[in-house]
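This briefing goes with the sequence and structure shown below. The points are grouped by topic.

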Number of protein chains: 2
Amino acid sequence: MFIDEKGIEVPVVDLDMLAGEHKSPNYLKKNPLGQVPALELDDGTTISESLVICRYLDEAYGEPFLFGNSEKERGVIALWERRAELGLFIPSIEYGHHTLPQMSEYFDQFPDWAESLLSGIETSLARVNERFSQNKFLAGNSFSIADITGFLGVQYAEMIVGLKLPAASPGAEWVDRVFRRKGARSFHTAKVLTEDFLDDGRQTESND
Amino acid sequence: MFIDEKGIEVPVVDLDMLAGEHKSPNYLKKNPLGQVPALELDDGTTISESLVICRYLDEAYGEPFLFGNSEKERGVIALWERRAELGLFIPSIEYGHHTLPQMSEYFDQFPDWAESLLSGIETSLARVNERFSQNKFLAGNSFSIADITGFLGVQYAEMIVGLKLPAASPGAEWVDRVFRRKGARSFHTAKVLTEDFLDDGRQTESND
């Protein structure tokens, strides 16, 4: 989403993660922790962690600045990005890790703990929704990285956790606005893959 | 620690959190989520979240830049800051929330889930330690925000979780180097308060 919104092209190497290509000696030489994605700079330095990569690209490629144009804007955007990440994105993903049957081979699952995350996710959804009574976008009147994390957080809360913004609310209208942007193109593919993955698990569960 | 390392002065208003002053109408007007710390800018905008506040101050006050001097430096520093945060700082704090008896009134505790964090914290400590076989500081050869988060993460892993870097290891030497810096002054107070708090809990437990 970030690269599409930024309107830039970054050479991409696809890794076959199911075949463990992100743990191959060649990749680990570049990125010892085997994390995906990673960005290799011209001098061979490798940066990982999506948010860190996006921030680097934002600076390196110039306008539009999705992390903000001034100190104050950067502060307010970083604040809302972090709230969306800690309040929606991370807990929704954790909820999936600890409750989906198809995740049980990758994680020691603690579903009771995962259920304890629900009230925090609900509170964050309500806060995000309230935010759009005054603002067009999450951190103010321009689209920013906060909208990307927030949008993904809201999507995963709905798809994985089953918690959603009220229909026709200011938040739901913002989701529609983001969906119509060029940045959402790559999300459509991710959404279909995620839904297929979730459906597989539900089928496995009902066949048990 | 950040303000001392930066060598700046920021007007501070202390809040009596035990008396709930961070939930008073006056404070909530400035910062609706009632989070501490918060930074009020000259125009009345309020920013919260420690890392977001530090990043803002770093830009606003100029050198020394604890988030880095170039795009590449900022990328590498942000990467190690995030690894320290997600791998050491946050899981150590979460471990405390879910296992300390004196935290049971604030959190629904899931101690089994907390125990599952231990192997990740151990791995992160080993990675941090390994990092100092080549580097003087966590993100390279200059002190940065990554060292602040990393240092606090290592301290909390030791105090709260009971996991520590091996004695006389490169990582233990780095901890000593950070302890001798002016930035560690404020940590000494925090350390005593934390140890008192932890001792109280242990005493409560043994009196049960």
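## Backbone geometry and loops

P64(B) is found in the loop that runs between α3 and α4 of chain B. The model is a predicted one, and every value below is computed from it.

- P37(B) sits in the loop between α2 and β1 (38–40) of chain B.
- **G62(B).** The loop between α3 and α4 of chain B also holds G62(B). G62(B) has 9 other C-beta atoms within 10 Å and is therefore exposed. The C-alpha atoms of G62(B) and L152(B) are separated by 24 Å, and the two residues are 90 residues apart along the chain.
- **E49(B).** The loop between β2 and α3 of chain B contains E49(B). Phi of E49(B) is near 75 degrees, a positive value in a residue other than glycine. E49(B) is buried, because 21 other C-beta atoms lie within 10 Å, and the cut-off for buried is 20 or more.
- **A168(A).** A positive phi, near 60 degrees, is also found at A168(A), a residue other than glycine. A168(A) lies in the loop between α7 (145–161) and α8 (170–179) of chain A. With 8 C-beta neighbours inside 10 Å, A168(A) counts as exposed.
- **L28(B).** Helix α2 (residues 25–30) of chain B includes L28(B). L28(B) has 12 C-beta neighbours inside 10 Å and so counts as exposed; the cut-off for exposed is 12 or fewer. Leaving out residues up to four places away in sequence, L28(B) touches K23(B) and G34(B).

## Chain A: fold and dimensions

- **Secondary structure.** Chain A has 9 helices and 2 strands. Along the sequence these elements follow the pattern α-α-β-β-α-α-α-α-α-α-α.
- **Extent.** Taken along the principal axes, the C-alpha atoms of chain A fill a box of roughly 55 × 50 × 25 Å.
- **Burial.** Of the 208 residues in chain A, 34% are buried.
- **Contact range.** Among contacts in chain A with a separation of 6 or more, 58% are between residues 24 or more positions apart.

## Chain A: domains

- **Bounds.** The domain assignment divides chain A into domain 1 (2–61) and domain 2 (71–207).
- **Separation.** The C-alpha centres of domain 1 and domain 2 of chain A lie 23 Å apart.
- **Contact.** In chain A, 4 residues of domain 1 are in contact with 8 residues of domain 2. On the domain 1 side, the largest share, 3 residues, comes from helix α1 (residues 2–6) of chain A. That side of domain 1 of chain A divides into 2 nonpolar, no polar and 2 charged residues.

## Relation between the chains

## The contact between chains A and B

- **Residue counts.** Chain B gives 22 residues to the contact, and chain A gives 22 residues.
- **Elements.** β2 (46–48), α3 (50–61), α4 (71–99) and α5 (111–115) of chain B each supply at least two residues of the side that touches chain A. The largest share of that side, 7 residues, comes from α4(B).
- **Composition.** The residues of the side of chain B that touches chain A are 10 nonpolar, 4 polar and 8 charged.
- **Surface used.** The copies meet through the same surface, because 100% of the interface residues of chain B are also interface residues in chain A.

## Nonpolar core

- **Background.** In soluble globular proteins, nonpolar side chains tend to be buried together.
- **Most connected members.** The largest nonpolar core has 81 residues, of which W80(A) and W80(B) touch the most other members.
- **Partners of W80(B).** Not counting residues up to four places away in sequence, W80(B) touches L138(B), A139(B) and A146(B).

How values were computed:
Residues are numbered from 1 along each chain as its sequence is written. Chains are lettered from A and ligands numbered from 1 in the order in which they are written. This is a predicted model: local features need pLDDT of at least 70, side-chain atom pairs count only at pLDDT 80 or more; totals for chains, interfaces and linings use all residues. A nonpolar core is a set of buried Ala, Val, Leu, Ile, Met, Phe, Trp, Tyr and Cys residues joined through C-beta atoms within 7 Å. Two residues are in contact if their C-beta atoms, placed from the backbone, lie within 7 Å. Helices (H or I, at least four residues) and strands (E, at least two) are DSSP runs, numbered from the N terminus. Ala, Val, Leu, Ile, Met, Phe, Trp, Tyr, Cys and Pro count as nonpolar, Asp, Glu, Lys and Arg as charged, and the others, Gly among them, as polar. Domain bounds come from an automatic or database domain assignment.
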